[in-house]
Amino acid sequence: MNFSEYINSFITLLAISNPIGNLPIYLGLTADKTKKQRQQTIKTASIAFAIILIVSCFMGEVILSAFGISIASFRVAGGFLIFIFGFHMLQAKTSDIHHTSEENQDAQTADSIAIVPLALPLLAGPGTISSVIVLAHKTQSLVEKLGLSIVIIILAILIFISYSFAHVIGNFLGKTGMNIVTRLMGLITMAMAVQFMADGLEVLFPGWK
């Protein structure tokens with residue numbers, strides 16, 4: 001992977017995890033928390049987000065192989081899943097595949113929401129994990145996987161910073177502004193999903209073009 005591919009990987013994961021679009025959910029889940037509790041929640045969620053995706057980066061293909069699933073098949077299935085996320089984002093909605101309303105209600109009474117549902121499945125959801133596995137397949141060496149891991153860590157740091165200023169960002173953008181960001185990320189996500197599926201179909205059906 002060259003530098004531009006790492007940039008593309010960052011944009012892909014940023015679009016699918018959609019931290020800005022998920023800010024209203026985070027604000028709702030932490031409305032009754034103190035500033036110190038919110039800061040601890042953000043820190044734990046960011047670390048958990050990075051760990052989940054880095055484990056997916058190094059172990060994703062191993063797990064797929066254990067189930068006899070080819071990366072090409074996973075590209076098509078993962079691309080379809082990501083397309084659904086993008087479609088909901090384009091309508092400024094959060095897909096129930098990310099998390100259900102029941103999970104959201106359970107989180108309101110949970111002692112800690114940092115890992116579930118904030119890190120998983122809200123930020124590091126099925127779409128984000130699928131993307132990491134597909135991107136990791138493009139790497140040719142351990143060094144390149146480490147490079148992708150650095151991209152994930154940078155994204156986790158960005159999430160930590162943005163969520164630390166969640167109220168400021170929320171007040172500045174407003175609901176309309178966050179909806180615009182979500183729709184833009186949705187469009188990018190859908191385009192990437194189509195590319196994932198096209199790459200997978202090209203391998204599964206070499207003469208399909």
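Which residues make a nonpolar surface patch of about 760 Å²? The patch is made by Ile47, Ile51, Val55, Met59, Val62, Ile63, Phe67 and Ile69.

## Basis of the model

This is a predicted model, in which local features need pLDDT of at least 70, side-chain atom pairs count only at pLDDT 80 or more, and totals for chains, interfaces and linings use all residues. Residues are numbered from 1 along each chain as its sequence is written, and side-chain values use heavy atoms, with hydrogens and water left out.

## Overall make-up

The protein has nine helices and zero strands. Helices (H or I, at least four residues) and strands (E, at least two) are DSSP runs, numbered from the N terminus. In sequence order the pattern reads α-α-α-α-α-α-α-α-α.

Of the 209 residues, 45% are buried. Buried means under 20% relative accessible area, exposed means over 50%, and partly exposed lies in between (1.4 Å probe, protein chains only). The protein exposes about 10600 Å², with carbon and sulfur atoms supplying 69% of it; accessible areas come from the Shrake-Rupley method with a 1.4 Å probe, and for residues only the protein chains shown count as cover. Among contacts (heavy atoms within 4.5 Å) with a separation of 6 or more, 86% are between residues 24 or more positions apart.

## Transmembrane annotation

An unreviewed UniProt entry lists residues 6-27, 47-67, 73-92, 113-136, 148-173 and 180-198 as "transmembrane region". UniProt positions are given in the numbering used here, feature names are shortened, and annotations may be inferred rather than shown by experiment.

In the model, residues 47-67 are 95% helix and 0% strand, with end C-alpha atoms 28 Å apart. Residues 148-173 are 96% helix and 0% strand, and their end C-alpha atoms lie 30 Å apart.

Helix H7 covers residues 126-137 and reaches 17 Å from its first C-alpha to its last, close to the 16 Å expected. The expected span is 1.5 Å times one less than the number of residues. Nine of the twelve residues of H7 are buried, including Gly127, Ser130, Val132 and Leu135. The buried residues of H7 pack against H1 (3-17), H3 (35-66), H4 (71-90), H6 (114-123), H8 (142-164) and H9 (166-204).

Helix H8 has 23 residues and spans 33 Å, close to the 33 Å expected. Among its buried residues are Glu144, Lys145, Leu148, Ile152 and Tyr163. These buried residues of H8 pack against H1, H2 (23-29), H3, H6, H7 and H9.

## Charged residues

The count comes to one salt bridge, defined as a side-chain nitrogen of Lys or Arg within 4 Å of a carboxyl oxygen of Asp or Glu. Asp199 forms a salt bridge with Arg75, and the closest N and O atoms are 3.6 Å apart. The pair links distant parts of the chain, with Asp199 in H9 and Arg75 in H4, 124 residues apart. Asp199 counts as partly exposed because its relative accessibility is 21%, whereas Arg75 is buried at 9%.

Lys175 is also placed in H9. Lys175 is exposed, with a relative accessible area of 65%. The C-alpha atoms of Lys175 and Gly21 are separated by 9.5 Å, although the two residues are 154 apart along the chain.

## The nonpolar patch

Patches are made of residues with over 30% relative accessible area and no salt bridge: like charges are joined within 9 Å, and nonpolar side chains (Val, Leu, Ile, Met, Phe, Trp, Tyr) within 5 Å. One of the patch residues is Phe67, which lies in the loop between H3 and H4. Phe67 counts as exposed because its relative accessible area is 65%.
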